[in-house]
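Here is a short briefing to read alongside the model.

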Amino acid sequence: MPTVAAAIAENLRARQISEFFGQSLPSLLVLAAEDLGIRQIVYRTENAGGTMADGFARVSGHCSVVVAQNGPAATLLVPPLTEAAKVSIPVVAFVQDVPSPIRNKNAFQEIDHQSLFSGCTKWFDRLDDPARVHEYVDAAFRAATSGRPGPAVLMLPKDVLELDAPAPPAGLDRPVFPLDRIRPPEAAVRAAAQLLAGAERPLVVAGGGAVSADAGAALARLSDLASLPVATTPMGKGVVPDTADLSVGVIGNYMGPHGVSHGMREWIAGVDTVLLVGSRTNENGTDGWTLFPSNATFLHLDIDPTEIGRNYPSLRLVGDVRTGIDDLAAALRELDLSKRSAERPALTTQIARSRAEFETTTAAVRTSTRQPLRPERVADEISTLLPDDAIVVADASYSSIWAANYIRATTHSQRFLLPRGMAGLGWGLPLALGAKAARPSAPVICLVGDGGFAHCWAELETAVREHLDVVVVVLNNAILGYQKHAEIVQFGRPTSAVELGHVDHAQIATACGAHGHTIHTDVELREALSKAIVDPATTVLDVITDSDAYPPITGWDANRALTDHLADQKLN
């Protein structure tokens, strides 16, 4: 009979899991997995490893695996598992626990792991009976991928890993998600279709759930069929190309005068019917719940019934997003859509006008050759050079906002990964490494700020050692930009923590065995970026950027404290 460790490894192989993220522990499990040819992608820190697993699952479409030690290592899994929980990404974590005979005796690095993980997992358990190992592993994957996906943690006491266990059962499937393509109720679908067909000004808002459900093609068909404009939340960016004639772009609290969808804000304020698909209707995605009129009719399609009606009373469409969209399209085909078709020319003209206004309004910053470079120029350069199959990853804070507004999604093959569940700094690079591990052939471009990048420099060594070639573009303005500007907006002045010292990120890259370049000019940027995208190596472009630049966060352009502060800085 195999040991429990070997049985788990065999179970993973039977599920076609060919890699996991780890750092040796639990050692017996890792050794058993590597003996079977399952690749361990070795991270430097557990918080990065958990984020790599998140990125892998987002891109691969199946549940990922991360392993770690108990105690302090386990505590570092909490932030990435919390992000995964908020954005509905399935990750199974196998965490070694203290040996059973010394449990609750203050064993080395012993803590209450159930309490530790209670706020960031869907499922938690401990394996004590080796005869039931496959039941527990199956339960973990089933919990992670069913319903609203999310993380699951299985604790593995060190002594139990050495005990005999049965071989895995036959017929284990790859842990794809969503596990069940549940259909929303037929009567609710018909009612929703009638409301959309008869609406004066409908709008579809797609969130991250639409991306996770692989609903992009279905959403494009629905939009075209019923002439429905589609906006996305930041998490939903890329589910439909930004260039589609009915694509509104990213909406939420990024709709200031230089925002890509600013020209649609007044139009959105007049919508009468809103179809929410795979959206948490959170604060940023709705601009503090002020974006839509209070008298609009809301329809909400989501796999999680508790999200429907959380912030907007809605017609409930509980089910898988892709399946629900297909069912809506089928119901709409049976209705008279002439009203919707008649509205299409005016609607596409409005969207085209909004895009043209954005291009005109932002031309100066997007084409500027001034030094230090504007972040808008950097993002626009990435957008221009972006391959059709590229994966764009951004760190939290300003990086996500620059990417959402200034890097265009032009094909269904491109992916945009933004850590908007908890929006924690430092997740850009590890998210990119997970994405690259999931799709090695795709170019991966990661946009980060110098503040966030400082959280995870060590994983550059991981990228080099594991041959996970990514392009990291560092917006180096030597400040914590969002923090500084938000403090000025709210309190009239910043704290002393927002100014950073000079760091040569190119030298850090070189020290780790990657390529590193310091970028001062637009010409240097274009040449280095063009080369980095096609080079089979990890490259860091340390771009010196304007510390006064801030993205189009709603209301900031009109904030006197911020504009006066920046004007004073220029004078001094």
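Strands β7 and β8 (residues 230–232) run parallel to each other and are joined by three bridges. Within that pair, V204 sits opposite V230 of β8. Please keep in mind that this is a predicted model.

- β7 belongs to an open sheet of six strands, with the order β9-β8-β7-β10-β11-β12 and parallel pairing. At its edges are β9 (247–250) and β12 (314–318), each of which pairs on one side only. From one strand to the next, the twist averages 15°.
- P202 has T273 as its bridge partner in β10, and A206 stands opposite V277 of β10.
- How many of the residues of β7 are buried? Five of its five are, which leaves the strand mostly covered.
- In a regular strand, side chains alternate between the two faces of the sheet. For β7, P202, V204 and A206 are on one side, L203 and V205 are on the other, and all of them are buried, so that both faces are covered.
- Helix α7 (residues 186–198) lies across β7, β10, β11 (297–302) and β12. The helix runs at about 130° to β12.

**The sheet around β13 and β15**

- An open sheet, again of six strands, has the order β14-β13-β15-β16-β18-β17, and the pairing here is parallel. β14 (415–417) and β17 (515–519) form the edges, each pairing on one side only. The twist from one strand to the next averages 15°.
- Three bridges link strand β13 (residues 391–394) with β14 in the parallel sense. Across this pairing, V393 is found opposite L417 of β14.
- Helix α3 (residues 46–60) lies across β13 and β14, and its direction is about 155° to that of β14.
- α15 also packs on this sheet, where it touches β13, β14, β15 (444–449) and β16 (471–476). The direction of α15 makes about 170° with that of β15.

- Why is helix α15 (residues 428–438) described as largely enclosed by the rest of the structure? Because 10 of its 11 residues are buried.
- The buried residues of α15 are G428, L429, P430, L431, A432, L433, G434, A435, K436 and A437.

**T323 in helix α11**

- T323 is located in helix α11 (residues 321–333).
- Is T323 buried or exposed? T323 is buried, since its relative accessible area is 8%, and the cut-off for buried is under 20%.
- The side chain of T323 makes a polar contact of 2.7 Å with the side chain of D320.
- Setting aside neighbours within four places in sequence, T323 is in contact with R181, I182 and R183.

**Cysteines**

- A disulfide is a covalent bond between the sulfur atoms of two cysteines. The count of disulfides in this model comes to zero.
- C446 takes part in no disulfide, and its nearest cysteine sulfur, that of C456, is 7.5 Å away. C446 is buried, with a relative accessible area of 0%.
- For C512, the closest cysteine sulfur is in C456, at 11 Å, which is too far for a bond. C512 is partly exposed, with a relative accessible area of 22%.

**Annotated regions**

- An unreviewed UniProt entry places the feature "domain: Thiamine pyrophosphate enzyme N-terminal TPP-binding" at residues 3–115. Over residues 3–115, the chain is 47% helix and 18% strand, with the end C-alpha atoms 29 Å apart.
- The feature "domain: Thiamine pyrophosphate enzyme TPP-binding" is placed by UniProt (unreviewed entry) at residues 396–543. Residues 396–543 are 42% helix and 17% strand, and the end C-alpha atoms of the span lie 18 Å apart.

Notes:
Residues numbered from 1 in each chain as written. Predicted model: local features only at pLDDT ≥ 70, side-chain atom pairs only at ≥ 80, totals over all residues. Heavy atoms only, no water. UniProt positions renumbered as here; feature names shortened; annotations may be inferred. Helix = DSSP H or I, 4+ residues; strand = E, 2+ residues; numbered from the N terminus. Pairing = 2+ DSSP bridges. Axes fitted to C-alpha atoms, helices over the stretch in contact; angles between N-to-C directions. Contact = heavy atoms within 4.5 Å. Buried < 20%, exposed > 50% of the residue type's maximum accessible area, 1.4 Å probe, protein only. Polar contact = N/O pair within 3.5 Å; in protein donor to acceptor, adjacent residues only side chain to side chain. Disulfide = S-S within 2.5 Å.
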